[in-house]
There are 2 protein chains.
Amino acid sequence: MRFDFEGSAWVEKDGYRVKRAFTISEDSLVQIVEIKAKARVGKHYHKAQTEVFYIMEGKGTLGLGERGFLAERGDLFLCKPNSVHWVVNGSESPLRILVFKYNWRENDTVWL
Amino acid sequence: MRFDFEGSAWVEKDGYRVKRAFTISEDSLVQIVEIKAKARVGKHYHKAQTEVFYIMEGKGTLGLGERGFLAERGDLFLCKPNSVHWVVNGSESPLRILVFKYNWRENDTVWL
């Protein structure tokens, strides 16, 4: 199946929005996250879920554990369970990230 | 963890090469596949594994089931178990694909 980027709905959050691309299974999915210009996703972690982030477009800072990484198109990151992470988009353009969620479950996110 | 694109080894195949980026679990991983110019990955399917393909660089044709899709940077595809798939790179440049493998296991690939 080819994903139709225009055909599915964004879910608006505070400073960013998310769109589900594919449901792989009950506990795995692919999502697109777009952080707006001059906005952020706050520090949080997941108790069970592992995430893979691929930077599709834009530039920002991706925080993983104790480190902040410059993140730009083509960069790839792994975030294991219980690893604190966050994103800051200090630029004037949206930052778009492809997210592969493994071992996803409800009520698994802890915001700090 | 940030993936170091230069730091890990390519495994050479016939017309393409693969590099493991991250091991998520025993049955899930992230891989980069690079199909050489004027080369292809032949028709095959997986009995149990689901794959997600994100086109990182280049242009080609991605076959899924009965259909061939023009695939270029930014395109995203889902391939469920038992769905025949293949890739043709008719261009003069490498075609690089980010692959998420879910429910991976050994001896799961059937070449046609």
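Which residue lies over the face of Trp86(B), and at what distance from the ring centre? In this predicted model, the residue is Lys43(B), at 4.5 Å from the centre of the Trp86(B) ring. In chain A, Lys43(A) is placed over the face of Trp86(A), and the distance to the ring centre is 4.5 Å.

The relation between the two chains was examined by superposition. Chain A is laid on chain B with an RMSD of 0.0 Å by a turn of 180°, with a shift of 0.0 Å along the axis. The two copies are thus related as by a two-fold rotation axis. The same surface serves both copies, since 100% of the contact residues of chain A recur in chain B. Among the residues of chain A, Phe100(A) comes closest to the rotation axis, its C-alpha lying at 3.8 Å.

At the interface, 30 residues of chain A are in contact with 30 residues of chain B. The area buried between chain A and chain B is about 2700 Å², and carbon and sulfur atoms give 64% of this area. Three residues, Arg2(A), Leu76(A) and Tyr102(A), supply 25% of the area that chain A buries against chain B, which is more than any other three residues.

Ser28(B) has contacts in both chains. This residue is located in strand β3 of chain B, which covers residues 28–35. Its relative accessible area is 0%, and Ser28(B) is therefore buried, the limit being under 20%. Residues up to four places away in sequence being left out, Ser28(B) touches Phe100(A) and Tyr102(A) in chain A, and Thr23(B), Lys101(B) and Tyr102(B) in chain B. With Lys101(B) there is also a polar contact, in which the side chain of Ser28(B) reaches the backbone oxygen of Lys101(B) at 3.0 Å.

Aromatic pairs were considered next. Over all chains, the structure holds 9 such pairs. In one of them, the ring centres of Phe3(B) and Phe5(B) are 4.9 Å apart and the ring planes stand at 75°, so the pair is edge-to-face. Phe3(B) counts as buried because its relative accessibility is 9%, and Phe5(B) is likewise buried, with a relative accessible area of 18%. Phe3(B) also forms an edge-to-face aromatic pair with Phe22(B), with 5.8 Å from centre to centre and 75° between the planes. This pair links distant parts of the chain, the two residues being 19 residues apart. Phe3(B) belongs to the segment before β1 (11–12) of chain B, whereas Phe22(B) belongs to strand β2 (residues 16–25) of chain B. Phe3(B) and Phe22(B) are both buried. In chain A, Phe3(A), Phe5(A) and Phe22(A) are linked into a cluster by ring pairs.

A further set of contacts in chain B involves Ala48(B). This residue is found in the loop between β4 (39–46) and β5 (50–57) of chain B. Ala48(B) counts as buried because its relative accessibility is 15%. Ala48(B) and Trp104(B) are separated by 56 residues in sequence, but their C-alpha atoms are 7.0 Å apart in space. When neighbours within four places in sequence are set aside, Ala48(B) is in contact with Pro81(B), Tyr102(B), Asn103(B), Arg105(B) and Asp108(B).

Definitions and conventions
Residues numbered from 1 in each chain as written. Chains lettered and ligands numbered in written order. Predicted model: local features only at pLDDT ≥ 70, side-chain atom pairs only at ≥ 80, totals over all residues. Heavy atoms only, no water. Phe/Tyr/Trp six-rings, centres within 6.5 Å; stacked < 30°, edge-to-face > 60°. Buried < 20%, exposed > 50% of the residue type's maximum accessible area, 1.4 Å probe, protein only. Helix = DSSP H or I, 4+ residues; strand = E, 2+ residues; numbered from the N terminus. Lys NZ or Arg CZ within 6 Å of the ring centre and 35° of its normal. Polar contact = N/O pair within 3.5 Å; in protein donor to acceptor, adjacent residues only side chain to side chain. Contact = heavy atoms within 4.5 Å. Least-squares fit on C-alpha atoms with pLDDT ≥ 70 in both. Buried area = accessible area lost by both parts, 1.4 Å probe.
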